[in-house]
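Trainee: I would like to go through this entry feature by feature. Please give the general idea each time, then the case at hand.

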Amino acid sequence: MSQDDSRATPSQSPQTVLVVDAEVLVRMTIAGYLRDCGYRVVEAAGADEALTVLRQTELPLEAVLADVALPGPMDGFALAQWIRDHREGLNILLAGTPARSAERAAELCEQGPELARPYEPQVVVDRIRRLLADRDKPGDASAD
Amino acid sequence: MGAFAVCSSSTCPRRITVLVVEDEILVRLSLAASLRDEGFSVIEAANGDEAVAVLASSTPIEIVLTDVNMPGSLDGVALSRYVRSTRPALKVIVVSGRVGQAVATEVADAFVPKPYDPARILHAIGRLLSGAPE
């Protein structure tokens, strides 16, 4: 599939991704790209905003894309752990500097190593697409 | 009223972009969704400092819609003054439950009191884009 093809393939019913990033220009760019790809995107400027959204259980979310280096008392790892504890089944993608976070990310993420920042937008989209496709496979039931 | 009522997709090279500046995530989320549903492109900023970062970038923006009471170095009134001085062509709408219309309209092109119906926001945007008097 070419990049143009993949960008022009919106889901039949849009899946929602929560993007958590404290850098507005980074968040704006990756959120816009995901919207262009057919996803609904909820933007959070930090872990506190993300928690406010995540506590709205009536708000459907399929995946969370979070920077590991969020400012404040809760970084991306702690946010991922909170999601593990409170929103079971919600897919998590952590993004950051691989050298800093690979081992912990591998423990927390449902799919291998985390994404690298700065984001390569198409890589993010491909990863989210694979993550959600794997989740929807019958019998896959989050093998962990 | 939708974004395309002012500038249809067949005649406009791109959608009207609104920069929404609001520190309450659920309010921002709801307002941004309402505007996107109407066909606007929306950029979300969680406070005045984020808004300044967006405004200082090359991102095309037509309208700034800002709350007043926000954490950080700029509240909505200061942000409006910043926009007036650096991007005078931009239209500014101030939304507040605390600042009165007199103060808001001194620094902005329109004022919508909180709590608001999204329809009032859309009306204000449409009026500013069309150049119609209040």
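Trainee: How many helices and strands does chain B have?

Mentor: Some conventions come before the count. This is a predicted model, in which local features need pLDDT of at least 70 and side-chain atom pairs count only at pLDDT 80 or more, while totals for chains, interfaces and linings use all residues. Residues are numbered from 1 along each chain as its sequence is written, and chains are lettered from A and ligands numbered from 1 in the order in which they are written. Helices (H or I, at least four residues) and strands (E, at least two) are DSSP runs, numbered from the N terminus. On that basis chain B has 6 helices and 5 strands, and along its sequence they follow the pattern α-β-α-β-α-β-α-β-α-β-α. Chain A has 6 helices and 5 strands, and from its N terminus the elements run α-β-α-β-α-β-α-β-α-β-α.

Trainee: In what order do the strands of the open sheet in chain B lie?

Mentor: Strands of a sheet pair through backbone hydrogen bonds, either parallel or antiparallel. Two strands pair if DSSP finds at least two bridges between them. In chain B, 5 strands form an open sheet in the order β2-β1-β3-β4-β5, with parallel pairing. Its edge strands are β2 and β5 of chain B, each pairing on one side only. From one strand to the next, the twist averages 20°, where axes are lines fitted to C-alpha atoms, for helices over the stretch in contact, and angles run from 0 to 180 degrees between N-to-C directions. As one of the pairings, strand β1 (residues 17-21) of chain B joins β2(B) over 5 bridges in the parallel sense, and B:Thr17 stands opposite B:Ser41 in β2(B).

Trainee: Which are the edge strands in chain A?

Mentor: The open sheet of chain A has 5 strands in the order β2-β1-β3-β4-β5, and the pairing is parallel. There the edge strands are β2 (40-44) and β5 (115-116) of chain A, each of which pairs on one side only.

Trainee: Which strands pair with β3(A)?

Mentor: Strand β1 (residues 16-20) of chain A runs parallel to β3(A) and is joined to it by 4 bridges. Strand β4 (residues 91-96) of chain A pairs with β3(A) in the parallel sense over 5 bridges. The bridge partner of A:Asp67 in β4(A) is A:Ala95.

Trainee: Is β3(A) buried or exposed?

Mentor: A residue is buried if 20 or more other C-beta atoms lie within 10 Å of its own, exposed if 12 or fewer, and partly exposed in between, with C-beta atoms placed from the backbone. In strand β3 (residues 63-67) of chain A, 5 of the 5 residues are buried, so the strand is largely enclosed by the rest of the structure. Both faces are covered: A:Ala63, A:Leu65 and A:Asp67 are buried on one side, and A:Val64 and A:Ala66 on the other. For the chains as a whole, 38% of the 144 residues of chain A count as buried, and 44% of the 134 residues in chain B.

Trainee: What handedness does the β-α-β unit of β3(A), helix α4 and β4(A) have?

Mentor: A crossover is right-handed if, with the strands pointing away from the viewer, the path from the first strand over the helix to the second runs clockwise. β3(A), helix α4 (residues 76-86) of chain A and β4(A) make a right-handed unit.

Trainee: How many residues of chain B are in contact with chain A?

Mentor: Two residues are in contact if their C-beta atoms, placed from the backbone, lie within 7 Å. By that criterion, 11 residues of chain B are in contact with 10 residues of chain A. On the chain B side, the elements that give two or more residues are α2 (25-37), β2 (41-45) and α3 of chain B. The residues of that side divide into 8 nonpolar, 1 polar and 2 charged; Ala, Val, Leu, Ile, Met, Phe, Trp, Tyr, Cys and Pro count as nonpolar, Asp, Glu, Lys and Arg as charged, and the others, Gly among them, as polar.

Trainee: At what angle do the axes of α2(A) and α3(B) cross?

Mentor: The axes of helix α2 (residues 24-36) of chain A and helix α3 (residues 48-56) of chain B cross at roughly 65° and come within 9 Å. That makes α2(A) roughly perpendicular to α3(B); angles under 35 degrees count as roughly parallel, over 145 as roughly antiparallel, 65 to 115 as roughly perpendicular and the rest as oblique. A:Val24, A:Leu25 and A:Met28 of α2(A) make the contact with B:Glu50, B:Ala53 and B:Val54 of α3(B).

Trainee: Where is B:Pro115?

Mentor: B:Pro115 is in the loop between β5 (110-113) and α6 (118-130) of chain B. The peptide bond from B:Lys114 to B:Pro115 is cis, with omega near -10°.
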